[in-house]
Structures are given as structure tokens and as C-alpha cells.
Amino acid sequence: MIRSRTISRLPNNKAPGPDRIPNEALKTCGPLIAPWLADVARACFAIGHYPRLGRAMTTVVLHKEGKADYSIPGNYRPIALENTLSKILEKVIVDCMTDMAEEHALLPQSQMGARKNCSMLSALTLLAATIKSAWAMQRDFVVSMLSLDISGAYDNVPYVRLLHILRAKGFPEWIIQFVQGFTGQKETSLVFSGYQSPPIAVATGIPQGSPLSPILFLFFVSNLLSIFKEGATQGIGFVDDTNLITYRPSAAENCRTLEKAHDTCIE
């Protein structure tokens with residue numbers, strides 16, 4: 001539940017959302033407001049309610065570095081700025097979901113990023129160990145890897161599929177209802193080059209900039225890695241990057257195997 005420590009861990013120098021409340025202001029008032037926010041959180045979680053104040057966002061559209069043509073929409077990165085108070089509630093849900101994921105092994109061990117003790121270094125260590133294990137089985141094995149990136153990853157998460165996965169993983173209904181409120185009925189104003197649009201309804205995706213989005217995305221893609229957790233073709237993921245590794249006597253065999261694995265991923 002919300003304590004002064006929850007508020008004190010908020011990062012500094014983060015742009016606020018439509019409520020214009022900076023994290024520094026909440027941290028200064030943390031000991032005073034924490035009990036009141038805790039009461040609000042208990043009431044919301046008891047009925048699985050996501051507050052209406054969290055449904056309004058501002059989306060800042062930033063240039064991706066090193067792009068030659070900024071007339072192409074794909075060369076921009078949208079960052080969602082949520083109301084600061086709603087992000088505190090989301091952080092509590094993140095802690096709950098993360099603890100459940102680790103305690104009950106709800107995510108594949110080969111899925112890295114946005115998890116405790118699962119950094120990029122962990123992913124590289126697992127990759128090196130997989131290669132060494134293949135060579136230990138048969139020294140002349142060729143190891144090949146196919147790297148895939150999910151285009152527009154956060155923006156293209158379908159709500160119905162996400163909620164289905166969370167139910168299948170065994171999350172309690174109050175968390176499901178909270179996430180449903182988080183994903184549904186959102187609207188945002190686009191801000192770029194000194195222009196701010198009127199509010200626009202958001203029909204799909206999870207906001208890049210919310211503390212809740214990374215853990216939700218890990219659950220959304222978790223079934224993909226689960227397909228390749230055994231046998232001579234294995235998967236290692238880092239958030240939206242998926243790497244398929246296979247090892248056989250020849251590179252040609254590996255290519256045929258990875259082609260079939262790619263088809264499975266597309267399905």
C-alpha cells in the first residue's frame with residue numbers, strides 16, 4: 001500500500017501530466033498526504049477501480065535521433081505523460097504484479113528487462129551460457145541466432161488479449177479490473193513543435209511513460225518465449241526484443257529451423 005517511502009522513490013526531474021503536479025511537490029508533502037492517498041488506493045483496489053483522473057494524458061512527440069527524414073511519422077517517439085497521482089497508484093500495482101510474477105514463476109526465466117535482477121547483462125550472460133552449452137554437447141555445432149523486434153510494441157497491445165493473458169496467469173479479479181480501467185477509455189492530447197491537439201480517444205496500446213506498461217508488456221509477450229523454452233531452439237527476450245537461438249551441425253540446418261520458428265512467431 002502507499003507509504004511515504006512509495007512517494008519518496010518517485011524520480012526527480014520528470015515532466016508532469018495534465019495535473020501539472022511535479023514529483024518534487026509530492027515528495028515534499030509525502031509524509032502528510034500518504035495516509036490520504038492510502039485510503040484512496042484501498043477504496044480503488046477493493047472494487048478494481050482505475051480513477052478517472054488517470055484517463056487523461058498528454059503525449060509529447062519527440063524526434064528519434066539520427067533520422068534523415070522527419071516527415072515520416074515512424075521517425076518520432078511518443079511519450080505519454082500521465083497525471084502524477086494516478087502514477088502512484090500504478091506503482092503499487094506494479095509492485096504487486098512483480099512480486100506475484102517472481103513468487104509464482106509467471107514469466108519465463110529467459111525474459112529479461114523490467115524485472116528485478118534481469119538486466120541486459122543477465123540476458124548477455126544467458127546467451128553466452130547457451131552457446132557454451134551447445135558446444136559442450138558437440139564441439140562442431142554451429143550456433144545461429146535470429147533477432148526480432150516488435151514494431152510499435154507498446155502502441156499495438158490489444159486490450160482484450162492482454163486481459164485474457166492476465167486471467168490465464170491467475171491474477172486476482174481486482175487487478176484485472178484495475179488494468180481494464182487503465183487500458184480503456186483513455187484520451188490524450190498530442191504536443192509537438194509548439195502545437196497541442198484537442199483530446200483524442202486512445203483505442204489500443206499501453207502508454208509508453210507509465211510505470212505499469214513495462215510489466216504489462218512482459219506478460220503480453222510471455223507466451224512467445226514459452227514456445228521456445230525447450231529443445232534445440234530457445235528464446236531469450238529483453239522487453240520487446242526477441243532472440244531465437246538454435247544449434248545444429250550446419251548453418252543451413254539452422255536457417256531452415258529459424259525460418260520455421262519465425263513463422264511460428266508471426267502466427
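Hi everyone, a word on the ground rules before the tour. Since the model is predicted, local features need pLDDT of at least 70 and side-chain atom pairs count only at pLDDT 80 or more, while totals for chains, interfaces and linings use all residues. Residues are numbered from 1 along each chain as its sequence is written, and side-chain values use heavy atoms, with hydrogens and water left out.

Let's start with the overall picture. The protein has 8 helices and 9 strands; these are DSSP runs numbered from the N terminus, with helices being H or I of at least four residues and strands E of at least two. Its C-alpha trace spans about 65 × 45 × 30 Å along the principal axes. Of its 267 residues, 40% count as buried, where buried means under 20% relative accessible area, exposed over 50% and partly exposed in between, with a 1.4 Å probe and protein chains only. Taking contacts (heavy atoms within 4.5 Å) between residues at least 6 apart in sequence, 67% join residues at least 24 apart.

Now to helix α3, residues 84–103. Its 20 residues reach 29 Å from first C-alpha to last, close to the 28 Å expected, that expectation being 1.5 Å times one less than the number of residues. Its buried residues include Ile88, Leu89, Val92, Ile93 and Met97. After the helix comes Ala105, whose phi is positive, near 50 degrees.

Which residues touch the most other members of the largest nonpolar core? They are Met97, Leu166, Leu212, Leu216 and Phe219, in a core of 33 residues. The elements giving two or more residues to this core are α2, α3, α5, α6 and α7. The core itself is a set of buried Ala, Val, Leu, Ile, Met, Phe, Trp, Tyr and Cys residues joined through side-chain atoms within 4.5 Å. Leaving aside residues up to four places away in sequence, Leu212 touches Glu90, Ile93, Val94, Met97, Phe178 and Phe182.

On to the rings. Rings of Phe, Tyr and Trp (its six-membered ring) pair if their centres lie within 6.5 Å, with planes under 30 degrees apart called stacked, over 60 edge-to-face and the rest tilted. That gives 10 aromatic pairs. Phe45 and Trp174 have ring centres 5.4 Å apart and planes at 40 degrees, so they form a tilted pair. Phe45 sits in α2 (residues 23–47) and Trp174 in α6 (residues 173–183), so the pair ties together parts 129 residues apart in sequence. Phe45 is buried at 8% relative accessibility, whereas Trp174 is partly exposed at 28%. Tyr154 and Phe217 are also tilted, with centres 5.3 Å apart and planes at 40 degrees. Tyr154 lies in the loop between β4 (142–149) and α5 (159–168), and Phe217 in α7 (residues 213–226). Ring pairs also link Phe45, Tyr50, Trp174, Phe178 and Phe182 into a cluster.

How many cavities of 30 Å³ or more does the structure hold? There is 1, and the largest cavity has about 40 Å³ of space. Its lining includes Lys14, Pro16, Glu82, Thr84 and Lys87. A cavity here is a set of points on a 1 Å grid over the protein atoms alone where a 1.4 Å probe fits but cannot get out, and lining residues have an atom within 4 Å of a point. Points are joined across faces, edges and corners, and the volume is the space filled by probe spheres set on them.

How values were computed:
On a 1 Å grid over the protein atoms alone, a cavity is a set of points where a 1.4 Å probe fits but cannot get out, and a pocket is an open set with protein on both sides within 12 Å along at least five of seven lines; lining residues have an atom within 4 Å of a point.
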